[in-house]
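Hi everyone, thanks for making time. Let me put the structure up, and then I'll walk you through a few parts of it.

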Amino acid sequence: MLSFLTEPSFPKTALGIERTSITALSLQRSGGQFGIRQAATVEVPENLINPSFIERNITEPTQFRFLLEEAITSAGLRNQKRWSVSLPSSTARTAIITLESGAGVKGESEEIFDWKAEQSFGLPASQLRITRDKIAPDAEGRIRYFATAVKLSVINEFETIFEQFGWKCGLILPRAISESKWLIDGSGVRDSLLISSQTDGFTAIMLRGSEPFVVRTVTCQESELDDEIYRLLLFYNDRFSDEVTGRSLDRVLVVGSGFSLARISEISKDALGRVMQILKPDEIGLNIPVGSLNFDDLAAPAGLASFGYQ
């Protein structure tokens, strides 16, 4: 289990901020399932939020603040002061950073990590807020970290507005990382895939049990989605499938627009020789009431809010 997602005292309320919407919600738990206690989604006007790793994200802070207030008020959560927050995936970059075994003393290993982070994320580590977690070493025994980076000037845009509300936001993560919570398997047996849409393609995260082992951000047109997903599954089949141990990729969670679930089933059969299980909300432990609430809006903030029950 990723340790930065299992620290105590996370709130049971969360915000999901996207280019086209803002969602505020709180959860309730019944047995092994989560239900929506309170939730509301408001639409965001075009170009108010322009998700970017480098450039400014919020074009009109006053209007953004107004919509945040509308979302929390509509959800009946206006008095909440503690939040977890899911940001658009394009606002952050995520990578698995590998260090050579025996990287040296702590100071030296930190310098190496910072250098590797710069190579992965395209900016000096001093300009980034990096969340990292040590995961299992690779086949050659090299140290690996699952790392997510947000540019300091970008995260400051959001945190400045959160502070105006008097909020304490202890956990701020990109959408795809938030959504991947639903695939964490404590038994360590299953390989799972998250496919999460973004404006210019999708983010894919493969998990083995509780840990990610492949992260890909794919930039493509909507007409190219099928081909890119096929290549991704072939990559898994060539590199990670193991007939001896029975290790295989058997389930996928798809979040966002532009995907054909029927085509993903066909693609998985072509690439893997079997049809992957395409998970529904109730199969990952999230019960959504019939009505206007949309799983694509809820998946990321609900994933974060669920950590309040750890």
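I'll talk about some strands, then the cavities, then the cysteines.

A word on the source: this is a predicted model, where local features need pLDDT of at least 70 and side-chain atom pairs count only at pLDDT 80 or more, while totals for chains, interfaces and linings use all residues. Residues are numbered from 1 along each chain as its sequence is written, and side-chain values use heavy atoms, with hydrogens and water left out.

Let's begin with strand 10, residues 201-208. Strands here are DSSP runs of E with at least two residues, and helices are runs of H or I with at least four, numbered from the N terminus. Is strand 10 mostly covered or mostly open? Seven of its eight residues are buried, meaning under 20% relative accessible area with a 1.4 Å probe, protein chains only.

Strand 10 runs antiparallel to strand 9, residues 191-198, with eight bridges joining them; strands count as paired if DSSP finds at least two bridges between them. Ser192 has Leu207 of strand 10 as its bridge partner, and two residues sit between the strands in this hairpin.

Strand 10 also pairs with strand 11, residues 211-219, again antiparallel and over eight bridges. Here Met206 stands opposite Val214. This hairpin has two residues between its strands, and Gly209 takes a positive phi near 70°.

Now, how many cavities of 30 Å³ or more does a search of the whole structure find? Two. A cavity is a set of points on a 1 Å grid over the protein atoms alone where a 1.4 Å probe fits but cannot get out, and lining residues have an atom within 4 Å of a point. Grid points are joined across faces, edges and corners, and the volume is the space filled by probe spheres set on them.

The largest cavity holds about 60 Å³. Its lining includes Arg129, Thr148 and Ile172, and strands 6 (128-135), 7 (143-151) and 8 (168-174) each supply at least two of the lining residues.

The second largest cavity holds about 40 Å³. Among its lining residues are Gly16, Glu18 and Asp296. Strand 1 (13-17) and helix 7 (295-306) each give two or more residues, with helix 7 providing the largest share, four.

Last, the cysteines. Cys169 counts as buried because its relative accessibility is 18%, and Cys220 does so at 9%. The structure holds zero disulfides, a disulfide being a pair of cysteine sulfur atoms within 2.5 Å.

Note on methods:
Buried < 20%, exposed > 50% of the residue type's maximum accessible area, 1.4 Å probe, protein only. 1 Å grid on protein atoms, 1.4 Å probe; cavity = no way out; pocket = protein on both sides within 12 Å on 5 of 7 lines; lining within 4 Å.
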